[in-house]
Amino acid sequence: MLKNNQIGRSMIEMLGVIAVIGVISAGVLKIIGTMHNKYTVSRGVQQLQDIRKAVQDRFAADGSYSKVTNTLLQNENILPHDVKWKSGVPKHIFGKDIEITPYTYKVSGDGLQIVYKDLNQPACNALATIGWMNISSSSTMVLLKINGTNYQWKEFKVLTSETKDLPVTTIIAAEKCIDGNNTLTWVFY
């Protein structure tokens with residue numbers, strides 16, 4: 001029995017306060033996690049653009065991408081600072097392999113291929129639709145593959161058979177990017 005001069009909180013009141021703090025903390029952690037994921041995807045988009053520009057700038061004087069190798073890219077420190085290397089293989093912002101290789105196609109001959117492997121669905125969606133809708137066919141990108149499905153600008157349709165038109169819309173990306181490991185390939189001239 002409580003006496004009139006006692007002060008303090010009951011156990012029930014304290015449990016209520018702890019529960020409220022727990023709910024607020026869970027909400028804050030969810031928001032932080034979402035913000036972190038959005039930042040990582042945004043950084044992945046920028047990283048791809050940085051890689052393309054760095055490699056294109058490096059090989060512009062050569063007039064060919066035929067000498068592009070991981071060893072050369074690592075030795076000359078060509079790739080952006082946030083590309084990590086493990087056993088001579090570059091890793092994208094999501095921690096999985098990047099392949100950067102020459103690509104020969106029928107129209108112009110020499111191109112550059114960048115492959116991001118093991119992307120989650122949000123990253124796949126964002127990277128498949130990055131700015132290509134705003135760039136149009138003036139882009140140096142001539143081919144995009146989403147899990148093996150080819151997308152090209154109309155004027156480059158002779159590159160491969162069974163292609164669909166660029167740009168990839170968010171609806172198409174949502175259909176093609178699965179919940180799991182996705183592979184995106186970009187070809188630039």
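Is Lys-53 buried, partly exposed or exposed? With a relative accessibility of 47%, Lys-53 counts as partly exposed (buried is under 20% relative accessible area, exposed over 50% and partly exposed in between, with a 1.4 Å probe and protein chains only). The model is predicted, so local features need pLDDT of at least 70 and side-chain atom pairs pLDDT 80 or more, while totals for chains, interfaces and linings use all residues. Residues are numbered from 1 along each chain as its sequence is written, and side-chain values use heavy atoms, with hydrogens and water left out.

Lys-53 has a partner in Asp-57: their side chains meet in a salt bridge at 2.7 Å, N to O (a side-chain nitrogen of Lys or Arg within 4 Å of a carboxyl oxygen of Asp or Glu). Both residues lie in helix α1, four residues apart, about one turn of the helix; helices (H or I, at least four residues) and strands (E, at least two) are DSSP runs numbered from the N terminus. An α-helix has 3.6 residues a turn, so residues three or four places apart point the same way. Asp-57 is likewise partly exposed, at 47% relative accessibility.

Helix α1 itself has 50 residues and reaches 72 Å from its first C-alpha to its last, close to the 74 Å expected at 1.5 Å a residue (1.5 Å times one less than the number of residues). Its buried residues include Val-45, Leu-48, Ile-51 and Phe-59.

Arg-58 takes part in several contacts. Its side chain meets that of Asp-62 in a salt bridge at 3.2 Å, N to O, and Glu-76 forms another with Arg-58, the closest N and O atoms being 2.6 Å apart. The latter pair links distant parts of the chain, with Glu-76 in the loop between α2 (70–75) and β1 (84–86) and Arg-58 in helix α1, 18 residues apart. The charged end of Arg-58 also sits over the ring of Phe-59, 4.5 Å from its centre (NZ of Lys or CZ of Arg within 6 Å of the ring centre and within 35 degrees of the ring normal). The structure holds seven salt bridges.

Turning to the strands, Trp-186 is found in β8 and is buried, with a relative accessible area of 0%. Trp-186 and Leu-143 are 43 residues apart in sequence and 5.8 Å apart in space, C-alpha to C-alpha. Tyr-116 is buried as well, also with a relative accessible area of 0%.
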